[in-house]
Each structure stands twice: as C-alpha cells, then as structure tokens.
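Subject: Structure for your review

Dear colleague,

Please find below the structure I am handing over to you. My notes on it follow.

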Amino acid sequence: MVENKKTWRTSGALIAAATAGAFGVGLFASPAQAHTPVWEVTCSQVSLDLTNYGSKADNTVTVTVDGKDLLPTATFQNDFHKKLDLPEHSKELQVRLVVKAADGDQYSRDETKTAPVCEGSTPKPSDTPKPTPSKPADSATPTPSDKPSTATSSAAAVPSSKPSADSGDLAETGSSSATPLIAGAAAVVIVAGGGLVWATRKRRSAAQG
C-alpha cells in the first residue's frame with residue numbers, strides 16, 4: 001500500500017508539472033501568435049488585414065509606393081482592414097508596409113513587396129516630339145518671275161495693220177503730175193497779158209496822132 005501511494009504521488013507531481021509547463025508555454029507564446037500582419041500585393045491593389053494587435057493602446061500602419069505615401073500613417077486598435085488601389089504603372093513598384101505595435105517593437109513589421117505590371121497595360125508614349133518630315137519643293141510650278149509677260153508677247157506676235165499717216169508723204173520726193181499744166185497755163189496768161197498791154201498802148205498812140 002505504501003509503495004502504491006508513493007507511485008500515485010510521483011505520477012501526480014509529474015502530471016501537475018507538465019500541465020503547468022504547458023500552461024506557461026501557452027502564456028508566453030500567445031502574445032507572439034496574437035499579432036497577425038497579413039498583407040498582399042497585386043498589380044493593382046494592396047490588401048491589409050492586421051488582427052489581434054490589442055486595444056489597450058494605439059498601433060500605427062503606413063504604406064508607401066516607391067517612397068511616396070499610398071496610406072499615410074494611420075492609427076488603429078486590435079484590427080485594421082483596408083484595400084488600397086495602386087496607381088497605373090508601366091514598370092514594377094516597390095510597396096513598403098510599416099506596422100508599429102504598441103506593446104513592443106518585437107511585434108512591429110517593416111516589409112517590402114513588389115507590385116508587378118498588369119497584363120495588357122500599355123506604357124505611356126515618350127514625351128520626345130517626333131520630327132516633322134519636310135515637304136519637297138514643287139519644281140513643276142513656275143515662280144511668278146518665270147512667267148512671260150502677256151502684254152509683251154501679244155504685242156510681238158500681232159503686227160500693227162495700220163500704216164502711219166505720214167509715211168506716204170515722206171516717201172514721195174519727185175514733182176506732182178499736174179505741174180506741167182500749171183506752168184503752161186501761167187505762160188498763156190503772161191503772153192495774153194503782154195498782148196493786152198501792147199494793144200492798149202497802140203490805141204492810145206493812134207488816138208493822140
């Protein structure tokens with residue numbers, strides 16, 4: 001009987017020690033397992049699910065993309081759930097999550113993930129202006145200086161049909177065909193005049209004698 005009692009006591013002590021040890025381990029392990037920072041990054045979105053951070057003090061969370069704030073520092077108690085839309089991008093983005101736990105830095109998080117480029121997205125065109133091709137000069141079109149003068153060509157092509165009024169008189173250099181008749185008539189008049197003078201004088205002499 002005595003040996004049996006000792007055996008039960010020993011077994012009971014071992015069971016009690018094991019139970020206490022397990023309970024102690026559970027107490028120490030529970031705070032570490034309580035904080036659950038779960039977050040995911042896709043090509044277009046960031047999902048935050050922070051749970052079991054306690055409600056005795058304020059915890060903080062910040063999200064940045066390539067050094068720029070996507071979620072400015074926000075405070076929360078116990079849980080924080082949020083979805084953030086990423087800006088359009090043609091290259092990979094670096095997304096950083098910073099969580100500061102109020103019950104100790106050992107539960108804080110500072111992690112970085114990469115956001116890939118979404119399929120089907122087109123990169124933005126370059127801002128460099130494209131050179132404008134120059135138009136070739138139209139050699140078939142004559143310049144105003146190459147066109148002949150219409151007035152000059154018309155005057156040269158159509159000769160004048162009207163003779164000058166003075167051209168006939170200047171060309172005649174001989175005497176007119178009526179000149180001999182005029183000279184003969186003048187001689188007759190002179191002779192007739194001389195005969196009349198002679199007859200008149202003869203009559204006067206006869207009358208006086």
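Among contacts in the protein chain between residues at least 6 apart in sequence, what percentage join residues at least 24 apart? The figure is 51%. Please note that the model is a predicted one.

Overall composition

The protein chain contains four helices and seven strands. Their order along the sequence is α-β-β-β-β-β-β-β-α-α-α. The chain has 209 residues, of which 15% are buried. Its accessible surface amounts to about 16,900 Å², and carbon and sulfur atoms account for 58% of that surface.

I would draw your attention to strand E3, which spans residues 59–65. Because six of its seven residues are buried, E3 is largely enclosed by the rest of the structure; buried here refers to a relative accessible area under 20%.

E3 pairs with strand E4 (residues 68–76) in the antiparallel sense, over six bridges. Within this pairing, Thr64 has Asp69 of E4 as its bridge partner. The two strands form a hairpin with two residues between them, and in this hairpin Asp66 adopts a positive phi near 50 degrees.

E3 is also joined to strand E6 (residues 93–100). These strands run antiparallel and are connected by six bridges. Here Val63 lies opposite Leu97 of E6.

With kind regards

Methods: Residues numbered from 1 in each chain as written. Predicted model: local features only at pLDDT ≥ 70, side-chain atom pairs only at ≥ 80, totals over all residues. Heavy atoms only, no water. Buried < 20%, exposed > 50% of the residue type's maximum accessible area, 1.4 Å probe, protein only. Contact = heavy atoms within 4.5 Å. Areas by Shrake-Rupley, 256 points an atom, 1.4 Å probe, with all protein chains shown as cover. Pairing = 2+ DSSP bridges.
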